[in-house]
Structures are given as C-alpha cells and as structure tokens.
Amino acid sequence: MGCCGSSEQKQREWKPLEDRSCTDIPWLIIFALFCTGMACIAGFSISTGAASRLISGYDSYGNTCGQKNGKIEGVELSGRDQTDNKYVFFLDPCNIDILNRKIKSMALCVSRCPDRELKTYTDVKKFALQNGSELCSYDIPVSRYPSHGERSKKCPKLPVPPSKSLPVFHRCTPVDISCYAQFAEAFVTFVSDNSMLHRVIAGVMASKEIIMGLCVLALVLSIILMVVIRYISVVLVWMLTALVVLGSLGGTGVLWWLYVDHRMNLTDQTGTTPTPQQQLATGNVQALLVYAVIATVFTVILLLLLFFMRKRVALTITLFHVAGKVFTHLPLLALQPFWTFLSLMLFWVSWLGVFLFLGTTGSPVQSEETGLVEFRMSGPLQYMVWYHAVGLIWISQFILACQQMTVAGAVVTYYFTRNKSQLPMTPIVSSMLRLTRYHLGTVAKGSFIITLVEIPRLILTYIHNQLKGKENACARCMLKACICCLWCLKKCLTYLNQVIVAWQDLVGPF
C-alpha cells in the first residue's frame, strides 16, 4: 500500500517523453530575428554593388573594372568606361602595409596582365601598343611612357614581373617575385581585394591526394574502433587499465631510481669545495625527490581508486558494449558528422562571401595619405561587420548543438526502448523531426550562452597575439590565464548543454 492509504505506486517506466511541448520559444524568436538581420546584411552588401567590386575589382580612382562607371565628385579620373579593361593591375605589388593589411600601390584597370618581364619603360610602351593594355596612369599618353616626368609615381615599378589573372577575382597576381609571400599575406587579408577562396581551392587541389588519403584512413580507423568497442570491449578496458597501472608504476620507479643514482653520485663528491656544477646537481636531486614523491602519491591514489571501484569496471565494459550495439541498430548515426560538416561548410562559405561583400560596401573616399580611393562604411553601417562576426559564432554553435541533440535523442530512444522491435524505422530522422518541432529554442539558448563565452576568449586571444613580445611577463601571464579559464568554462558549458538537451528529450524541461 502507498502512503496515506493511497494505492501502491507503480515503478516509473523510463522511456522517451511522449507528451511533448515546445521549449524556450522566446529564444527561438530571438534567434529567428537575429538570422533575419544576417539576411538583411547580406542583401544590403549585394544590393549596394559590393559584389561587382569584389569580383571585378576597382582601380585607385574608384572605377570598377569591366563595366561603365559613374563620376565620383572630387576624383578627376573617375567615371571611366572600363568595359574592355577587366583586370586589376598593381603598379608596385611589393608596396605593402603589413600592419594594416593593405596594399598601398596604385591600382589600374587593364585589358591584359603582363605575361613577361618588362625591364624598361620602353618595354612597357611596346606592351601597351601591342596588347592595348596601358600599365601607366590614365592621364599619361602611351607615347610619353619613357620620358614622362611622373613615370616613377604613375607607372609600374621596374622591372615589371610577369603576372597571371586569378580565375575568380580578376587581379593580376605576380608569378614569382621576391616579396610574393608578403604580397600573398596582405592580399589575402585585405578585405577589399581578397583572394582567400582562390588560395584555399588551390591548396586543396594541390594536396587533394593527401587529403583524400587521410579521410579514408580516418574512416577505416573509425570502423575498426567501432568493431573493437562492439566485440572486444572487455579486453580493451582491461588493457587500458593495465597500461595505466604499469605506466604509473614504471614512471614512479624510474623517478626513484634516478633520484637514488644522482644522490649517490652527489655523496661521493662531498668534502670538496662546492662548485656551480655541484650546486646544480644538488638542485636536480631535490627536484627528482619532489617529482618522485608526487608520482608515488599519484600512483597510490590511482591503485586505491581501482581497488575500491573495481566493480565499476564491469559497468564501463557494459557501457562500451551498449555503445557498440547503438551503431549496429542506428547505422545512420555514423553519417551524422558528415551532414553537420556539410552544413557548416555551406554556412561558412556563404558567411565568407557576405563578409567579403561588406569589405567593399560603402561610399568612395579619397585617402589623404595616399590619394587612392577606398570604399568605407560610415556611421552605424560599420557595426555590420561586428554583427556579422557574432553571427559566425552563434550560428556555428547552433549547427553543432543541433547535431548533439539529434544524436542524443536517437541514442536515448534506443537505450530506453526495452523492446528493440518497437524502435522507429529511422531513429535519427525521428530525432531530427523532434528537434525541429520542439527544441530549436533550447538549442538557440544553449548556443548563445557558449557564444557569450567564446567572444571574449577570441578577443583576448587576438590582443595576446597583437601584443606578443611587447607586454611584460605579468600581463602575458594574466592574459593566458584568462584565455585558459574562458576555454575551460566553454568546455564545461558545452558538456552541460549536451546533458540538458538529452534530459529534455528524455523527461521534458526542468
């Protein structure tokens, strides 16, 4: 009989929650509004003409290459028809501001990149006459290239290295020059003229055999690990336990042997005047003693834990065995990381494209320092980049959290369904549908909490890299400690997030 005359209570049957309701709806609304803002930024950057300036490039007078241009007030050589001039040519590709990641060189729109080295201004003139590609400023006639008084400023620096145009971004990139590494670094990080996508593609194509081989190797090792967990979990657990015990005992024994050996050598030298070498040896003996004592304490604690928790080893073996069965009954579980990777890649590529568009969004401004035209965002528009950067972290964490909750939901369904014949036909798909129907708000909230920790960690990491070699030892230690603490907090929050989403899928919200 139950308490107070009530009927005897039945033992609760643990199984996935059936009567569900949506969780954290306000957070889902906030996340939807945030994604709408990301879409508005993408539409703004494309509609303002940034896409054409990014792909085609523009010269130092604000003319977009490969099209007709409107006049810019205050810029004399703007508003030119560059329909036939589709490539951006830098007069001095080595003139780079590494600190600000910008190319200071004047840029022109040309119809063809120089495919051979031009050693004199006469060669530059011949190249222009033969190919119709003028490599000097538009206000200098081709006939006056060798004799013009401003040719050192408005003509390319000699010798002009051979260059090739990029397949996507129409920039004349030097083939082989002494400053190529610096040019590539500044060119990649210069938002207005970024060729990161090309370099990534080129790197992948150059090492595609190695990448494919490593992917196949990882797949084979993963399958082997799944088989090991499924069929020889007992041997695996005891083998790992034995290796840990033997490693601890062996390490402790080696430390004590080294201590005794150094101690005896130091005793044989007593009675003589202490030398710097003997003082150093004394310090080494003391350090070995401390290490040996610490290793001994650690080994004793480890052995005691293994002795008193020996029954838990059987539980660990059972868990490994169950984990192996999960992959047998849920084969689509092995493909879940693949779909997550594809989703992340699609998001990162689209995010990078919008980020590059933002780099060429804004109004043309003539720099007082160099006299070159740059496109800059002013006022509230400049905060779009920060908004876009936060979106990178939050949405990436959201995608990863969706994978974690999908896996957790499928495993919970399998584990707590006693009669395996009653399992859904595709537990992974069922878990994804439950996630989409009920728990997107929870995923948005959890990913936002991780984002709040990740942003200051990235800022501190950036500050640490910028101040490397400039700050004192105390500041460097404090920065590293803060970065480490934030990293640990992120890991703890990520683990708690996984536990919470699994719990909500099993028994509902707290």
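The model is predicted. The chain has 510 residues, and 36% of them count as buried. Its secondary structure comes to 14 helices and eight strands. Three disulfides are counted. Helix 1 and helix 12 pack against each other at an angle of about 130°.

**The chain as a whole**

- The secondary structure consists of 14 helices and eight strands.
- Buried residues make up 36% of the chain.

**Helix 1 and helix 12**

- Two packed helices are described by an angle and a distance, both taken from their axes.
- Helix 1 spans residues 25-47, and helix 12 spans residues 384-416.
- Their axes lie 10 Å apart, at an angle of about 130°.
- The two helices are therefore oblique to each other.
- The crossing of helix 1 and helix 12 is left-handed.
- On the side of helix 1, the contact is made by I30, F31, L33, F34, C35, G37, M38, I41 and F44.
- On the side of helix 12, the contact is made by M384, Y387, H388, V390, G391, W394, I395 and F398.
- The residues of this contact divide into 14 nonpolar, three polar and no charged.
- C35 of helix 1 takes part in the contact. C35 is partly exposed, because its relative accessible area of 27% falls between the cut-offs of 20% for buried and 50% for exposed.

**Disulfide C65 to C109**

- C65 and C109 form a disulfide, with 1.9 Å between their sulfur atoms.
- The torsion about their S-S bond is about -80°, so this disulfide is left-handed.
- The pair links distant parts of the chain, 44 residues apart.
- C65 sits in the loop between helix 2 (50-56) and strand 1 (87-90).
- C109 belongs to strand 4 (residues 107-110).
- C65 is buried, at 1% relative accessible area.
- C109 is buried as well, at 2%.

**Disulfide C113 to C172**

- C113 and C172 form a disulfide, and their sulfur atoms are 1.9 Å apart.
- This link is left-handed, with -80° about the S-S bond.
- C113 lies in the loop between strand 4 and helix 3 (121-131), while C172 lies in strand 6 (residues 172-174).
- The pair therefore ties together parts that are 59 residues apart in sequence.
- C113 is buried, with a relative accessible area of 8%.
- C172 counts as buried, at 4% relative accessibility.

**Disulfide C136 to C155**

- C136 and C155 form a disulfide, with their sulfur atoms 2.1 Å apart.
- The torsion about their S-S bond is about 115°, so this disulfide is right-handed.
- C136 lies in the loop between helix 3 and helix 4 (151-154).
- C155 lies in the loop between helix 4 and strand 5 (163-165).
- The pair therefore ties together parts that are 19 residues apart in sequence.
- Both C136 and C155 are buried.

Note on methods. Residues are numbered from 1 along each chain as its sequence is written. This is a predicted model: local features need pLDDT of at least 70, side-chain atom pairs count only at pLDDT 80 or more; totals for chains, interfaces and linings use all residues. Side-chain values use heavy atoms; hydrogens and water are left out. Axes are lines fitted to C-alpha atoms, for helices over the stretch in contact, and angles run from 0 to 180 degrees between N-to-C directions. Helices (H or I, at least four residues) and strands (E, at least two) are DSSP runs, numbered from the N terminus. Angles under 35 degrees count as roughly parallel, over 145 as roughly antiparallel, 65 to 115 as roughly perpendicular and the rest as oblique. A crossing is left-handed if the near helix is turned anticlockwise from the far one by less than a right angle, and right-handed if clockwise. Contact means heavy atoms within 4.5 Å. Ala, Val, Leu, Ile, Met, Phe, Trp, Tyr, Cys and Pro count as nonpolar, Asp, Glu, Lys and Arg as charged, and the others, Gly among them, as polar. A disulfide is a pair of cysteine sulfur atoms within 2.5 Å. Buried means under 20% relative accessible area, exposed over 50%, partly exposed in between (1.4 Å probe, protein chains only).
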